[in-house]
Amino acid sequence: MQQVTITPSAVEGTVRANPSKSHAQRAIALGALASGETILHHPGMSDDVRAAQEVARAFCNGVERFDDCVVIAGGRRLNNRTWHCGESGFSLRMYTAIAGLFDTPVTLTGQGSLAVRPVDFMADPIRALGGHFTSTAGHLPVTVNGPLVSGHAEVDGSISSQFLSGLLMTLPLLAGDSELTVHDLQSKPYIDLTLSAMARFGVQVTHTDYRKFKIRGDQTYQPVQMHVEGDWSGMAFFVVMGLIAGRVTVTGLDPASTQADRMILEAAGAAGGRVEIQNGTLSCIQSHLEAIEMDISHAPDLFPPLAALCTHCRGTSVLHGVARLTHKESDRFTTLRDEFARLGIGIWKEGDAMMIKGGQPSGGDVQAHGDHRIAMALATAALRASAPVTINGAECVHKSYPRFFEDLVDIGGGVKRMA
């Protein structure tokens with residue numbers, strides 16, 4: 001377990017956005033399903049992207065990794081009947097649907113926190129479309145046996161939108177047209193991201209207010225050459241760093257992106273934070289910050305960076321949508337509450353809202369709980385603490401952002417690593 005100590009620091013400098021694992025994982029899967037060679041530039045080296053590559057290698061003609069690109073030889077060919085998704089919840093849910101394309105049982109498994117996440121909400125849609133689905137007492141491993149057939153299925157979107165993304169990617173490849181009725185869909189921007197990625201590969205899906213999705217069958221994914229988008233999720237922490245501790249310039253983000261966590265700009269503005277945008281470059285400048293109230297149900301990954309932001313806002317902030325935090329790498333509400341409490345910051349729940357009372361964090365020892373976004377939130381808040389903060393288990397940032405601490409050092413953050 002790695003310990004990282006953050007010393008209170010003023011920061012100033014430029015950070016290039018790390019690649020979006022959400023964008024890369026979608027592109028890897030679609031490239032594997034396409035008919036030809038896809039080249040993805042700047043896909044990143046995060047654990048989740050590596051997991052997506054390994055699963056794609058199990059069912060296509062080949063995946064090769066070079067210095068800063070991935071070359072995917074598309075075309076369905078089942079090379080391995082066991083697909084290991086690492087700790088990636090998105091890979092598990094996306095590839096569960098894709099496994100239904102094969103007339104041979106495929107078993108999906110994973111490790112860490114993924115082993116305790118619920119999976120049976122995926123069973124009914126798979127069965128409604130002619131497939132077989134079994135789990136292990138509602139958890140991994142999962143076995144799917146297709147082939148799926150076109151038709152109608154109902155999807156529960158209240159836990160996650162990720163399985164819906166997988167179905168949307170899969171159903172256009174079936175012989176006939178299909179329709180999905182979706183109930184209580186959360187994280188709508190992530191569905192926009194999926195539909196945008198599919199369109200880039202030449203496949204179209206229509207929907208009515210995210211409730212009815214009509215999917216034309218007999219479509220074919222076309223190979224592409226593309227750059228993976230910069231990651232708004234990871235860069236949200238650096239936006240907050242600039243607002244609370246100096247001046248941070250972020251490059252490599254698309255201000256028009258469909259990524260849900262682009263909402264960090266709205267949150268920064270609501271708090272009175274100064275963010276200047278010019279030619280796709282963000283300059284985030286230390287500001288006098290006031291408490292905010294926002295509904296971030298559709299961008300739940302923003303809870304950790306906004307917890308760090310709201311810690312440094314005057315007053316009590318209210319973030320709605322806390323029910324979305326249960327089935328993450330950790331129970332993020334409980335983890336944020338308990339670990340920020342170690343730093344003297346009050347976080348509590350009222351109904352479906354997270355309440356955060358602003359104040360200066362104290363120093364102390366905290367735990368990342370195997371959750372990359374918790375580690376990054378604690379490191380961000382620590383820049384304006386009254387004493388050093390030691391984060392135990394900080395290596396978990398490799399799940400999404402392996403260079404997080406290096407980039408923090410590059411802008412002047414006081415970072416000391418201990419094995």
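Is aspartate 407 buried or exposed, and what is its relative accessibility? Aspartate 407 counts as buried, because its relative accessibility is 9% and the cut-off for buried is under 20%. Keep in mind that this is a predicted model.

Aspartate 407 has a charged partner: it forms a salt bridge with arginine 403, and their closest N and O atoms are 3.0 Å apart. Arginine 403 itself is partly exposed, with a relative accessible area of 43%. So here a buried aspartate 407 pairs up with a partly exposed arginine 403.

That pair is one of several, as the count comes to 16 salt bridges.

| Salt bridge | Closest N and O atoms |
|---|---|
| Aspartate 301 and arginine 332 | 3.1 Å |
| Arginine 337 and aspartate 338 | 2.8 Å |
| Aspartate 407 and arginine 403 | 3.0 Å |

Let's look at aspartate 301 and arginine 332, which form a salt bridge. Aspartate 301 sits in the loop between strand E18 (293-295) and helix H9 (303-311), while arginine 332 belongs to helix H10 (residues 332-341), so their bridge ties together parts that are 31 residues apart in sequence. Both aspartate 301 and arginine 332 are buried.

Arginine 337 is partly exposed, with a relative accessible area of 33%. Aspartate 338 is partly exposed too, and its relative accessible area is 33%.

Methods
Residues numbered from 1 in each chain as written. Predicted model: local features only at pLDDT ≥ 70, side-chain atom pairs only at ≥ 80, totals over all residues. Heavy atoms only, no water. Salt bridge = Lys/Arg side-chain N within 4 Å of Asp/Glu carboxyl O. Helix = DSSP H or I, 4+ residues; strand = E, 2+ residues; numbered from the N terminus. Buried < 20%, exposed > 50% of the residue type's maximum accessible area, 1.4 Å probe, protein only.
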